[in-house]
Amino acid sequence: MIKAGFIGLGAISNEHILGYLDTDDAVVVAVCDTDAKVGARWLDKWGLPDVKFYTDYREMLRDETLD
């Protein structure tokens with residue numbers, strides 16, 4: 001299982017997430033955006049309540065085990 005993280009939740013992230021939601025071989029475990037409101041809306045939009053949200057990508061890369 002590939003563990004993925006997103007840095008930046010702009011428009012293209014909405015295209016990228018589709019590939020992850022459509023596979024059994026990968027999962028998004030963490031996402032990062034400097035705007036916490038954007039992050040909350042994005043996670044809600046895609047129904048990802050268990051995905052960890054960060055506002056600092058360095059913290060995400062330090063704390064998560066990503067492939």
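## Ground rules

Helices (H or I, at least four residues) and strands (E, at least two) are DSSP runs, numbered from the N terminus. This is a predicted model: local features need pLDDT of at least 70, side-chain atom pairs count only at pLDDT 80 or more, and totals for chains, interfaces and linings use all residues. Residues are numbered from 1 along each chain as its sequence is written, and side-chain values use heavy atoms, with hydrogens and water left out.

Three strands form an open sheet in the order 1-2-3, with parallel pairing. (Two strands pair if DSSP finds at least two bridges between them.) Strand 1 and strand 3 (52–54) stand at the edges. Each has a single partner strand, so one side of each lacks a neighbour in the sheet.

Strand 1 runs parallel to strand 2 (residues 26–32), and six bridges join them. Phe6 stands opposite Val31 of strand 2.

## The aromatic rings

There are two aromatic pairs (ring centres of Phe, Tyr and the six-membered ring of Trp within 6.5 Å; planes under 30 degrees apart are stacked, over 60 edge-to-face, the rest tilted). Phe6 and Tyr20 make an edge-to-face pair, 5.5 Å centre to centre with 65 degrees between the planes. This pair links distant parts of the chain: Phe6 is in strand 1 (residues 2–7), Tyr20 in helix 1 (residues 13–21), 14 residues apart. Phe6, Tyr20 and Trp42 form one aromatic cluster.

Phe6 counts as buried because its relative accessibility is 8%. (Buried means under 20% relative accessible area, exposed over 50%, partly exposed in between, with a 1.4 Å probe and protein chains only.) Tyr20, at 29%, counts as partly exposed.

Tyr57 lies in helix 3 (residues 57–63). Its relative accessibility is 39%, so Tyr57 is also partly exposed.
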